[in-house]
Amino acid sequence: MSADLLYPGTEIVKIGSTTGNTTGRLIGVENCKFVENSKEFNVYGAIVVRWEPGQRFTSGGDSGSVYYAKVGTFTFPIAIHRAQVVHVTHNYLDAGDPWLREVVSIGTPLRKVVEEFKSHIMVGELQWFKLKTLEERQKGCEEREKTCDY
């Protein structure tokens with residue numbers, strides 16, 4: 001199931017190296033911009049997770065941990081933790097300060113991770129969930145040497 005099909009408020013769980021087992025709630029799938037080590041990053045289609053009251057969902061050292069959505073009795077992976085950011089949304093009820101700010105966690109959707117991975121490998125070298133025999137790999141290397149200029 002894709003995170004795009006989940007409703008805001010869906011329970012999200014994660015086991016991080018620093019924070020251990022934590023729970024949050026899905027805010028939604030959004031485009032995010034954040035700064036890390038003086039470098040600006042854009043994450044399109046980020047999974048944005050609100051922390052539960054009094055509990056950190058993520059902390060430094062949790063990067064790379066997997067977000068899982070819990071829907072009924074099913075739990076399935078949806079994203080990989082990327083960063084903590086200040087999430088700013090418009091509050092129409094407060095004319096004095098119309099911006100709500102809260103620290104949230106953002107993750108890169110697994111489908112984007114897989115797409116990125118696939119774009120960086122040689123076409124035809126990786127067959128998902130199927131291991132090639134040693135002879136097949138050697139034959140592929142020999143064929144590439146004939147057609148590729150290293």
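Gly60 touches Thr18 and Gln84, leaving out residues up to four places away in sequence; contact here means heavy atoms within 4.5 Å. Gly60 sits in the loop between β3 and β4. Strands are DSSP runs of E, at least two residues long, numbered from the N terminus. The C-alpha atoms of Gly60 and Thr19 are separated by 8.7 Å, and the two residues are 41 residues apart along the chain.

A word on the source. This is a predicted model, where local features need pLDDT of at least 70 and side-chain atom pairs count only at pLDDT 80 or more, while totals for chains, interfaces and linings use all residues. Residues are numbered from 1 along each chain as its sequence is written, and side-chain values use heavy atoms, with hydrogens and water left out.

Is Gly60 buried or exposed? Gly60 is exposed, at a relative accessible area of 57%. Exposed means over 50% relative accessible area, buried under 20%, and partly exposed in between, with a 1.4 Å probe and protein chains only.

Next, Thr108, in strand β6, residues 99-109. Thr108 is buried, with a relative accessible area of 16%. Not counting residues up to four places away in sequence, Thr108 touches Val43, Ile78, Ala79, Ile80, Arg82 and Val113.

Ile78 and Ala79 also belong to the largest nonpolar core, which has 12 residues, including Leu6, Trp51 and Phe76. Such a core is a set of buried Ala, Val, Leu, Ile, Met, Phe, Trp, Tyr and Cys residues joined through side-chain atoms within 4.5 Å. Apart from it lies another core of 11 residues, among them Phe34, Phe41, Ala46 and Ile106.

Methods:
Helix = DSSP H or I, 4+ residues; strand = E, 2+ residues; numbered from the N terminus.
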